[in-house]
Amino acid sequence: MAKEPARGSAVIRLAISVEGQTEETFIKTVLADALRQKRIFSVPILLGRARNRNRGGGNVTVKELVREMLELHRNFDAVTCLVDFYGFRGRLPEESVEDLEQRLYREFGNAAQHPNQIIPYVQKYEFENLLFSDVEAFRVAGASNEIIQKLHAIRNDFESPEDINDSHHSAPSRRIKSVIPTYRKVLSGPMVAAQVGLNILRQECPRFDRWLTRLELLDTK
């Protein structure tokens, strides 16, 4: 793990509120190096009940997320989050992922001293969407040729990995588990994402790419 740069150096300290250990590991193993190249030192921080590592993540609400990010903003130059749209508690039936992000922005309102340095991001629909950017990468998790073919079939039904929907029976994580029963989110997810590589993740997932672009531009503010 990289050491935090000394105070006074030209580095932006970015807190990333995450809903679980999968996202925490993903940031440490995949995103951190890329952000560091932009002189952004990222620190993933588990949200709410996920801090008890014997419990799962999830159970995210607008109130909890806003409170957490405002608290982090006191000690960091900028704050963002990485939470799933799927399973987000309290979202309205007609609310899109973009609507939910806008609601988060409204909740921040004038509470933050520098609101442009608070960037809420909600993953459409969950972390596992990203893994469909290149299903061949599941081989590092022990996927056979037959399993890879099944994953290709799922991916080919959608224009983008981010479009794989979030119903109870067809959320990306459930689709993966249906063909890879041994898939373990915390262990396998970040490993597969690292195998895909950040360039491919950004090419295949435009919302995810726009979020990272915003983070990279923090360096210019």
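A salt bridge here is a side-chain nitrogen of Lys or Arg within 4 Å of a carboxyl oxygen of Asp or Glu. Lys 124 and Asp 163 make one, with their closest N and O atoms 3.7 Å apart. This pair links distant parts of the chain, 39 residues apart: Lys 124 sits in the loop between strand E5 and helix H4, and Asp 163 in the loop between helix H5 and helix H6. Keep in mind that this is a predicted model.

The structure holds 13 salt bridges. Here are some of them:

| Pair | N to O distance |
|---|---|
| Lys 124 and Asp 163 | 3.7 Å |
| Arg 207 and Glu 98 | 3.3 Å |
| Glu 204 and Arg 155 | 3.0 Å |

Arg 207 belongs to helix H9 and Glu 98 to helix H3, so their contact ties together parts 109 residues apart in sequence. Arg 207 is buried at 10% relative accessible area, while Glu 98 is partly exposed at 37%.

Glu 204 is in helix H8 and Arg 155 in helix H5, so that pair ties together parts 49 residues apart. Arg 155 counts as buried at 13%, whereas Glu 204 is partly exposed at 27%. Shared partners also join Glu 98, Glu 101 and Arg 207 into one salt-bridge network.

Now for strand E1, residues 12–18. How many of its residues are buried? The count is 7 of 7, with Ile 12, Leu 14, Ile 16 and Val 18 on one side and Arg 13, Ala 15 and Ser 17 on the other. From E1 the chain crosses through helix H1 to E2 in a right-handed β-α-β crossover. E1 runs parallel to E2, joined by 7 bridges, and parallel to E3, joined by 5 bridges. Arg 13 stands opposite Phe 41 in E2, and Val 18 has Leu 82 in E3 as its bridge partner.

Definitions and conventions: Residues are numbered from 1 along each chain as its sequence is written. This is a predicted model: local features need pLDDT of at least 70, side-chain atom pairs count only at pLDDT 80 or more; totals for chains, interfaces and linings use all residues. Side-chain values use heavy atoms; hydrogens and water are left out. Buried means under 20% relative accessible area, exposed over 50%, partly exposed in between (1.4 Å probe, protein chains only). Helices (H or I, at least four residues) and strands (E, at least two) are DSSP runs, numbered from the N terminus. Two strands pair if DSSP finds at least two bridges between them. A crossover is right-handed if, with the strands pointing away from the viewer, the path from the first strand over the helix to the second runs clockwise.
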